[in-house]
Amino acid sequence: MAAKSISKSQYMMGLQCVKRLWLYNYRKDLMPPIPPDQQLILDQGTEVGKLAHKYFKNGKLVAYDHTQLPQAVEETKELMKNGTEVIYEGTFAFNNVLVRCDVLGKNKNGSWNLIEVKSTTKVHDEHYPDTAIQKYVLEGNGLRVNNVQLMHINNQYVKNDNIDPRGFFSLQDVTRRASEHQREIDKNLKEFMKVLSDDTSEARIEIGEHCTDPYACEFQPYCWEGIPAYSIYDIPWLSWEKINKLRNMGIIKIKDVPDNFALSVNQRKYVKVEQTGQPYIDKSAISDFIEELAYPIYFIDFETISPAIPLYDGSRPYQQIPFQLSLHIQNATNGKLTHAGYLGDGKTDPRPELASFMVEKIGVKGSLMAYNAGFETGIIKEMEIDFPAFKDQLLGMAARVKDLIQPFRQGAYVHPKFYGSCSLKSVLPALCPDIPSYEAMPIANGGGAQISYLKILSGKLSKEEVVKIRQDLDKYCSKDTESMVEILGQLYKTVK
């Protein structure tokens, strides 16, 4: 049984993994629902595509959706026959492949320019075959393709009133690289169609780096079903070369990794901890970390949105815009905690008020404690640049930030229940098992917080729904800083 046709996205699936291509065609029942954070990325890509249309004048849109592709092909032919010079979503089929081109522009000599729109901020290697398959199908339909361009987001663009598409987008010629890949297309299609010719037998491909590169595969839960929840794939920073070497030795469980297998010092710690069931603790290194702290300690955690299309004047594409801050303050070891928090109103740029809040609540002495602090430090430094009135105070804060992840990332504390991760949500239940987990919370992670705040920004919620989301955001963000307090307390107990 031969597939009638594959789409451009399916062609890209085949390049990544032919098993993924087969499963997508014959076992869609194995696909889990699209996670909310992934749906957010897809939705942003759609909005970027719509904005790209404004870059060109007098374009015509082929509006038929994916359920009406034959009609889309016919309308595209009709637009070209009538002399349309700019076509959005032009649809073409050739040699069992169907593509929709983001933008086609006609030149005076009758040739066409192909423009592929991406919501990335630069050209990536996987974009070349993406454009190549479109060029292949266009030329198969008898069109002369003059050049191929990749339109991506200019991340240095700063919003000032309405978005200017000419400043927001950058164009890069990728004709040569697309043509280079085009030479491989016939061979690739032959392989893909052979794989798809049998609808009863899936392609046999071992799991590996291709499961997440260049895109996360939606069938990973199915393909990884036989892999233990904690395995050699979870040894921190272990290269795929070494993972495959262990697989070839028949080793999946971490406890079975031989003592003479080449690992870094920290990787070996995770193996030993798994084999013995006992944590590894370097009290001297932990003490050194603690001695660097100065009270009062301000435990801080930001929640942010990072829209592809900037929402506020003075902001850039994908810039992390803090809309919430949780602040727990402790004046001495095991001292009384006080809490303060800021949450944007969902109507205006939250950053000016947030900067003012920080200057008011955070004193000029003491450490600022964050978890994976590069994120918080980066936000403080960006606010210092964007809001010069607070420059001196914010710059001083950035210099005082300490990173609570440091003892765990550097291997001073490795616990069997970290399961290869030193994230806050892995460390907390291992060190503080009596603290309620995040799992039961309405908002349980940063992605959920971002999506929830964007719902408020949409203006589509009732007052009651807004109140509920704001309460849930307060609970989630304050739990992050409260968790840091508990973890630091455990480190103190460990060394004393």
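Residues are numbered from 1 along each chain as its sequence is written. The model is predicted, so that local features need pLDDT of at least 70 and side-chain atom pairs count only at pLDDT 80 or more, while totals for chains, interfaces and linings use all residues; side-chain values use heavy atoms, with hydrogens and water left out.

The protein chain contains 19 helices and 14 strands, where helices (H or I, at least four residues) and strands (E, at least two) are DSSP runs numbered from the N terminus. Along the principal axes, the C-alpha atoms of the protein chain fill a box of roughly 80 × 60 × 40 Å. Of its 496 residues, 49% count as buried; buried means under 20% relative accessible area, exposed over 50%, and partly exposed in between, with a 1.4 Å probe and protein chains only. Contact is defined as heavy atoms within 4.5 Å. Among contacts between residues at least 6 apart in sequence, 69% join residues at least 24 apart.

Two packed helices are described by the angle between their axes and the distance between the axes. Axes are lines fitted to C-alpha atoms, for helices over the stretch in contact, and angles run from 0 to 180 degrees between N-to-C directions. Angles under 35 degrees count as roughly parallel, over 145 as roughly antiparallel, 65 to 115 as roughly perpendicular and the rest as oblique. Helix α1 (residues 8–16) packs with α8 at an angle of about 85°, the axes being 11 Å apart; α1 and α8 are therefore roughly perpendicular to each other. On the α1 side the contact is made by Tyr-11, Gly-14 and Leu-15, and on the α8 side by Ile-185, Asn-188, Leu-189 and Phe-192. By class, five nonpolar, two polar and no charged residues take part in the contact of α1 with α8. In this classification Ala, Val, Leu, Ile, Met, Phe, Trp, Tyr, Cys and Pro count as nonpolar, Asp, Glu, Lys and Arg as charged, and the others, Gly among them, as polar.

For helix α3 (residues 36–53) and helix α18 (residues 446–458), the axes come within 9 Å and cross at roughly 50°, which makes α3 oblique to α18. The crossing of α3 and α18 is left-handed, meaning that the near helix is turned anticlockwise from the far one by less than a right angle (clockwise for right-handed). Pro-36, Asp-37 and Leu-40 of α3 meet Gln-450, Ile-451 and Leu-454 of α18. This contact has four nonpolar, one polar and one charged residues.

Zero disulfides are found in a search of the whole structure, a disulfide being a pair of cysteine sulfur atoms within 2.5 Å. Cys-217 is in no disulfide, and the nearest cysteine sulfur, that of Cys-223, is 5.9 Å away. Cys-217 is buried at a relative accessible area of 15%. Cys-101 also counts as buried, with 0% relative accessibility.

Cis peptide bonds were assigned at two prolines, as follows. Asp-213 and Pro-214 are joined by a cis peptide bond with omega about 5°, and Pro-214 lies in the loop between α8 (185–196) and α9 (220–223). The bond from Tyr-295 to Pro-296 is cis, with omega near 0°; Pro-296 is placed in the loop between α12 (283–291) and β9 (297–305).

Asp-161, a residue other than glycine, has a positive phi near 70° and is found in the loop between β6 (145–153) and α6 (165–168). Phi of Asn-372 is likewise positive, near 60°. Asn-372 lies in the loop between β12 (368–370) and α14 (374–386) and counts as partly exposed at 36% relative accessibility.
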